[in-house]
Amino acid sequence: MTAFTSTVDTPIGPFTTVVAGDGAVLASGWTASLDELMPQVSASLKPEEIKERRDLGEVTRAVRAYHSGELGAVAEVPVRQRAGAFTEQAWDALRLVPAGQPVSYARYAELAGRPAAVRAAATACAKNAAALFVPCHRVVRTGGAIGNFRWGVDAKRWLLEHEG
């Protein structure tokens, strides 16, 4: 399979997206390096070749629109990730967390269907290859502390304030 990649400038820094030929996001994040993105992609989804494009159509438009204040722009962009059943269910649950309404890891575990699986829910966040499109930045610690984020605490803080 051939995938396509593009990097756009955002207020947080470069944002790179890797999409399958049908436009589904395989990986994304605030980096210009594919080496930082591709390790999170399931082996079953890894493309044989990745070609650079200046623009990825709807995906690039959604990224730019989100960073310009159109917070719902990324919600309908298709994403393709593979993992165990709970992790995939947890990623689906993340896509339902509205912008401006962050949830605690405990609440996130509930939304994912396993209230006692707080650590597993946190692990699902950590394994998320499609940052922004699967908004793991919307999960915070109990009490509201920001918590960790692959792309840095400053990036997470900006995203939460942007959505607030």
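**Note on pocket, core, cavity and cysteines**

1. The lining of the largest pocket consists of 6 nonpolar, 1 polar and 3 charged residues. Here Ala, Val, Leu, Ile, Met, Phe, Trp, Tyr, Cys and Pro count as nonpolar, Asp, Glu, Lys and Arg as charged, and the others, Gly among them, as polar. The model is a predicted one, in which local features need pLDDT of at least 70 and side-chain atom pairs count only at pLDDT 80 or more, while totals for chains, interfaces and linings use all residues. Residues are numbered from 1 along each chain as its sequence is written, and side-chain values use heavy atoms, with hydrogens and water left out.

2. The space in this largest pocket amounts to about 180 Å³. A pocket is an open set of points on a 1 Å grid over the protein atoms alone, with protein on both sides within 12 Å along at least five of seven lines; a cavity is a set where a 1.4 Å probe fits but cannot get out; lining residues have an atom within 4 Å of a point. Grid points are joined across faces, edges and corners, and a volume is the space filled by probe spheres set on the points. Among the residues lining the pocket are C125, C136, R141, R150 and K156. Helix 5 contributes the most to this lining, with 3 residues; helices (H or I, at least four residues) and strands (E, at least two) are DSSP runs, numbered from the N terminus.

3. Are the two cysteines C125 and C136 buried or exposed? C125 is buried, at 9% relative accessibility, and C136 is buried, also at 9%. Buried means under 20% relative accessible area, exposed over 50%, and partly exposed in between (1.4 Å probe, protein chains only).

4. The count of disulfides (pairs of cysteine sulfur atoms within 2.5 Å) is 0.

5. The largest nonpolar core comprises 51 residues, and W30, L94, Y108 and F133 have the most contacts inside it. Such a core is a set of buried Ala, Val, Leu, Ile, Met, Phe, Trp, Tyr and Cys residues joined through side-chain atoms within 4.5 Å. Elements giving two or more residues to this core include strand 1, helix 2 and helix 6 (153-163).

6. The whole structure holds 1 cavity of 30 Å³ or more. The largest cavity has a volume of about 40 Å³, and its lining includes S6, F15 and T60.
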